[in-house]
Amino acid sequence: MFYGNNIIMFKQKCPICDSKLEYDIDNLDFYLMEEHYNCPNKDYSYSYEYGMTNITIGNKEFNYTYLDSNVKKALILKEIKLETERLKSLTRLE
Ligand SMILES: [Zn+2]
């Protein structure tokens, strides 16, 4: 999923097991400072803190900041997508 130049991300359902994500958002004044989404089965998490985005797919962690180039973000997105597909196909085999 893309929104503009941002990679983004799955904020409602886990891309791997389709569970509803648990979330936790902290606001400071009117500015969104932190956002956390976690799969209850622990195979996916997304967090955003102070310009840094962390995404965990299975046991692999990916991160980027708002300072990273779109090229770098696109590469990370591709890795995330591959890892997601890989884990999904493993889940299907079980
Ligand atoms: Zn999951």
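1. Which residues make up the largest nonpolar core? Cys14, Ile16, Tyr37, Cys39, Tyr44, Tyr46, Ile55, Ile57, Leu77 and Ile80 do, 10 residues in all. E5, E6 and H1 each supply at least two residues of this core. Such a core is a set of buried Ala, Val, Leu, Ile, Met, Phe, Trp, Tyr and Cys residues joined through C-beta atoms within 7 Å. In soluble globular proteins, nonpolar side chains tend to be buried together.

2. On provenance: this is a predicted model, where local features need pLDDT of at least 70, side-chain atom pairs count only at pLDDT 80 or more, and totals for chains, interfaces and linings use all residues. Numbering runs from 1 along each chain as its sequence is written.

3. The protein has one helix and seven strands, in the order β-β-β-β-β-β-β-α along the sequence. Helices (H or I, at least four residues) and strands (E, at least two) are DSSP runs, numbered from the N terminus.

4. Strand E5 (residues 44–49) pairs with strand E6 (residues 52–57) in the antiparallel sense, over six bridges. Pairing requires at least two DSSP bridges between the strands. Tyr46 stands opposite Ile55 in E6. The two strands form a hairpin with two residues between them. In the turn, Tyr50 has a positive phi of about 45°.

5. Arg86 lies in helix H1 (residues 70–93). Arg86 counts as partly exposed because it has 14 C-beta neighbours inside 10 Å. The cut-offs, with C-beta atoms placed from the backbone, are 20 or more others within 10 Å for buried, 12 or fewer for exposed, and partly exposed in between. Arg86 and Gly58 are 28 residues apart in sequence and 9.9 Å apart in space, C-alpha to C-alpha.

6. Of the 94 residues in the protein, 15% are buried.
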